[in-house]
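Here is a short briefing for a reader meeting this structure for the first time. Look over the sequence and the model, then read on.

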Amino acid sequence: MRKIIHIDMDAFYASVEQRDHPELRGQPVVVGGRPNSRGVVAAASYEARQYGIRSAMPAAKAHQLCPHAIFVKANFETYRRVSATIQSIFQSVTPLVEPLSLDEAFLDVTDSLSERQTATELAADIRQQIKVQTELNASAGISYNKFLAKIASDINKPNGQFVITPERAQTVLDALPIGRFHGIGRTTEQKCHNAGIETGFDLRNKSLVQLQRLFGSSAQRFFDMARGIDHRPVRPHRERKSIGIENTFSKNLESHSAFVEALDQLSHQLIARCERQGKYGQTLTLKVRFGDFTTYTRQMRLRLPATAESLLDTGVQLLGKANPEQKPLRLIGLSISDLITFDQRDVQLNLRLE
Amino acid sequence: MKLSIAKNDLLRPLNRVIGAVERRNTLPVLGTVLFQLNQGLLELTTTDTEIELKDSVQVDADFDFEWTLPARKLFDILRSLPDDSTVNISLAETKATVQAGRAKFTLSMLSAADFPKTDSVGASTRFDIVQEDLKRLFSRVDFSMAQQDVRYYLNGLLLEIEGDVLAAVSTDGHRLSYAKHQLPAMVAEAKQVIIPNKGVRELIRLMDDPATSAQISLSDQHIQMRSGSLCFTSKLIDGKFPDYRRVMPLDNDRIGTVDRNALLAALNRVQILSNEKFNGVRLQFAGDQLSVQANNPEQEQAEDAVELNYSGEALEIGFNIRYIIDVLKVIQSETVEFKLGDSNASVLVLPPGVDDVKFVVMPIRL
């Protein structure tokens, strides 16, 4: 049996800010867009989360929820430095580290455990080392596959850990609200509710045929998830080829203004993701899916550095090409590829045109 | 209705018009070729709604008709047939049968009435140019057209007519290329148009008959090229191209002259160890030697040098090596001149003593 640890930093960006700026400690801190901007929340401190503020929420909405929240600009340079420290702690444990973002990673520790040490003890040890070296809290999930380890790290968050053993897995999964399953977004969650699926237990009680009717090609994945089956290996050094985000709408969007509004939101979220990864892309790809599920993508080169505004601009141009007849859309996605890291961008000087 | 035609008589015009057909289409009819048979003249038309290509061939038929066939499939079918085949096409309501020997293909037909028609061009400016000259003019600058740039007006080639001078300019924001051609006669009206990337590529591809003359017509929305039975029409990019004259550096007074082929060979060598993404190369102009040097993220390094005729103060400057190689490839002369400012300023590259081609390249900050 494999031993997988999922480490997830607690309110990472916000905690770094509170560490570096003592006056922010104990305060509702929002990292990301200005309250009066169209930007999105990159991270919220636990104090801010009590007001319902969540990451990826529009900054304006966060301000509405908690007018006295302190909005802080993100310092990605710092976050990346801290992330490098954490990564080196992981690497000292095992080379089988799969980073998911700056503040989250899977570790396959099956072969790194000594005779007397359990994965649970090792996870506690890693969290202790993180605390000593960065003064930050992390939570850990320990289980026998990635899917369950990720669920486990959420259970005793913040600053805690949880083990899901094979004996315990089905009980935990059965009680899990359906929206907490990885890969179930808002739209799918709604679909589940409509089909009477509220928990993992309800999901497990559906046959594969019933699930196929509900989820199409994803049915097998949901079927396995309900049973805690996940064979995906921990993949170290997974070099990202692109960064993307897409949104399936619960109701098809019908008008140009609705398309643009959706693109605007995606642009801000995509820029936030890029900043989190410390990367920019040189090519923007727009994906649209029509009501009949036909899907088109269109690409365009980006000028660097890209901003949410320039992504929106380019996205709207691409939309004109992908959907010239302005047919209703059930999905819009934006992704950027040809990635370059921040320090490499813009070394090529530009001609002064105009 | 039945039609009989030698394979190559049909493949030749189809090959010329196939370039307008995109592989992926939002409108199914854009994947087809329109056939219009009128008094024994069979005209083939393709379009992506931006570019329209037409060619025709004489056939032996006693009926007039319009129909469409899937362009790429028909093209692949014809190419797969033996050269001496005779192709028999039978047309029914919604299906067409293409038969050659014992091979038989049943293809679907979309309504010819749905095939998009291009508005008439109504040109205000006209001139004639030999195919070879037009091809050379475009081929000298097409490499630096922007691709899919948000500045949509850069995704093409500027064609400018002033008096008897025809100039072509392209820029992707990092480099700019300029070439000109002397027309045999004055053109009454001065004009600037931007031809989209794909139109430029198709025009270059279609200019395969060097000595034949082509008639170019320009309106505010279209460019049209007629040559023999061939007719190419492209929409123009509606935008303002940057004033290329202001991009040309005037004060660059450090002038270095090198052997073109020697430098090209040296750059091709050091390129092996340049960073794949940024393709950086360092050029050091000093005394009688131009040193070139590249290195990659693995800290491997390549160096070479060529003889230099240079009078200015020593200068080290970085470039995307591709940009310099591109320029050296289209220049024809034995030697090439670099007019330099400083390490962060644009450089002018040109054949010495002539002004019919000029290239401006921005450096990489070292």
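B:Thr32 counts as buried, because its relative accessibility is 4%, and the cut-off for buried is under 20%. The model is predicted.

**Around B:Thr32**

- B:Thr32 is part of strand S2 of chain B, which covers residues 32-38.
- A polar atom of the B:Thr32 side chain lies 2.6 Å from the backbone oxygen of B:Val29.
- Leaving aside residues up to four places away in sequence, B:Thr32 touches B:Val21, B:Thr45, B:Thr46, B:Thr68, B:Leu69, B:Pro70, B:Ala71, B:Leu110 and B:Phe115.
- One of these contacts, B:Ala71, is also among the buried residues of helix H2 of chain B.

**Helix H2 of chain B**

- Helix H2 of chain B spans residues 71-80, and its buried residues are B:Ala71, B:Leu74, B:Phe75, B:Ile77 and B:Leu78.
- What do the buried residues of H2(B) pack against? Their partners in chain B are helix H1 (7-17), S2, strand S5 (65-70), strand S6 (86-91), strand S7 (95-100) and strand S8 (103-108).

**The cavity**

- Rolling a probe the size of a water molecule over the atoms shows where empty space is left.
- The structure has one cavity of 30 Å³ or more.
- The largest cavity holds about 40 Å³ of space.
- Its lining is made up of A:Phe290, A:Tyr296, A:Ala322, A:Asn323, A:Pro324, A:Glu325, A:Lys327 and B:Thr26.
- By class, the lining of the largest cavity has four nonpolar, two polar and two charged residues.

**The second largest pocket**

- The second largest pocket has a volume of about 1400 Å³.
- It is lined by 33 residues, and the closest to its centre are A:Lys321, B:Glu22, B:Asp48, B:Glu50 and B:Lys198.
- Which elements each supply at least two residues of this lining? They are strand S11 (295-301) and helix H13 (308-322) of chain A, together with helix H4 (197-206) of chain B.
- The lining of the second largest pocket divides into eight nonpolar, twelve polar and 13 charged residues.

Note on methods:
Residues numbered from 1 in each chain as written. Chains lettered and ligands numbered in written order. Predicted model: local features only at pLDDT ≥ 70, side-chain atom pairs only at ≥ 80, totals over all residues. Heavy atoms only, no water. Helix = DSSP H or I, 4+ residues; strand = E, 2+ residues; numbered from the N terminus. Buried < 20%, exposed > 50% of the residue type's maximum accessible area, 1.4 Å probe, protein only. Polar contact = N/O pair within 3.5 Å; in protein donor to acceptor, adjacent residues only side chain to side chain. Contact = heavy atoms within 4.5 Å. 1 Å grid on protein atoms, 1.4 Å probe; cavity = no way out; pocket = protein on both sides within 12 Å on 5 of 7 lines; lining within 4 Å. Points joined across faces, edges and corners; volume = space filled by probe spheres on them. Nonpolar A, V, L, I, M, F, W, Y, C, P; charged D, E, K, R; others polar.
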